[in-house]
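Hello,

Here is the structure I promised to pass on to you. Have a look at it first, and then read on for what turned up.

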Amino acid sequence: VNVILVDFRGFDTLGEITVLAIAAIGIFVLLDGLRLAAPERDADARRWSWDEHPLIMATFSRLLLPLALLVAIFVLLRGHNLPGGGFIAGLITAVALITQYLANGIAWTRPRMGARLHPLIGVGLMIATLTGLASWLFGYPFLTSTFTYLHWPLVGKFEVASAMLFDLGVFLVVVGVTLVILLRLGHLHDINRPQTDNPADEDDI
C-alpha cells in the first residue's frame, strides 16, 4: 500500500495530508474562544452524574493503551506491501489517545501527554515533503521512491524503503490532525459542563 501511495499517488497523498493539516488549523482557530452553553440535564431530564470518569473505564483504558500502540506500529510497518499504512495506523493511535481523554479527563491526560499536538502536523508534513525532495539530490523526479535491504541480527534480511519514511509523515499528520480537532471540540464541552462536587446534590428530592 505504501508503495502505491508514493509511486502512483504520491502527489495526491501529499495533497491530502496538506488539506488535512489546513483543515485542522482552521477548525482550531475558529473554535478558539468559542463558548457553548451546556444544559444542566440530559435529554431525559436527568442531572449529570458526578462520577464523570468511572474507575473501571479509566483503568482499562490505561491497560489497553500499550496494546493499541503496538497494533498501530504493526499496521504501519505491515502497510509497505500489505493492507495497512500511515492513515489507518494514525487513526488507531489517535483513537487510543482520545480514549485516555474520555476515560480519565483532560485535566489528568493532558499533562501526561508531555507534548503539544500542533508540531506533529508540521513535522509530518516536513518528513513527507523532504522524502520527495531527497530524490532530487540523486537526479530523480520528485517523490521517486527507492529501497534497499539490511541484515539485522535475529531478524535476517529486511527491506527498507523510502516509502516507509513518507508514510511515517502521513502517520504523524493523521495523529496530529485527529487529536487537534477532537480535543478542541472536547474542550468546549469540558469547560462548559456543569460541575458538581457533592454526589448528594445530584438528587432531585
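**Two helices in contact**

Helix α4 packs against helix α5 (residues 106-113) at an angle of about 140 degrees, and the two axes lie 7 Å apart. With angles over 145 degrees counting as roughly antiparallel, α4 is therefore oblique to α5. On the α4 side, the contact is made by L97, Q100, Y101 and N104, while α5 contributes I106, W108, T109, R110 and M113. Sorted by class, this contact has five nonpolar, three polar and one charged residues. Please keep in mind that this is a predicted model.

**More on α4**

Helix α4 covers residues 86-104. Which residues of α4 are buried? They are G86, A89, G90, T93, A94, A96, L97, I98, Q100, Y101, A103 and N104. Just after the helix comes G105, which has a positive phi of about 95 degrees.

**The whole chain**

Stepping back, the protein chain has seven helices and two strands, arranged along the sequence as α-α-α-α-α-α-β-β-α. Of its 205 residues, 33% are buried. The chain exposes about 12,600 Å², with carbon and sulfur atoms supplying 70% of that area. Among contacts with a separation of 6 or more, 73% join residues 24 or more positions apart.

Technical notes
Residues numbered from 1 in each chain as written. Predicted model: local features only at pLDDT ≥ 70, side-chain atom pairs only at ≥ 80, totals over all residues. Heavy atoms only, no water. Helix = DSSP H or I, 4+ residues; strand = E, 2+ residues; numbered from the N terminus. Expected span 1.5 Å × (residues − 1). Buried < 20%, exposed > 50% of the residue type's maximum accessible area, 1.4 Å probe, protein only. Contact = heavy atoms within 4.5 Å. Areas by Shrake-Rupley, 256 points an atom, 1.4 Å probe, with all protein chains shown as cover. Axes fitted to C-alpha atoms, helices over the stretch in contact; angles between N-to-C directions. Parallel < 35°, antiparallel > 145°, perpendicular 65-115°, else oblique. Nonpolar A, V, L, I, M, F, W, Y, C, P; charged D, E, K, R; others polar.
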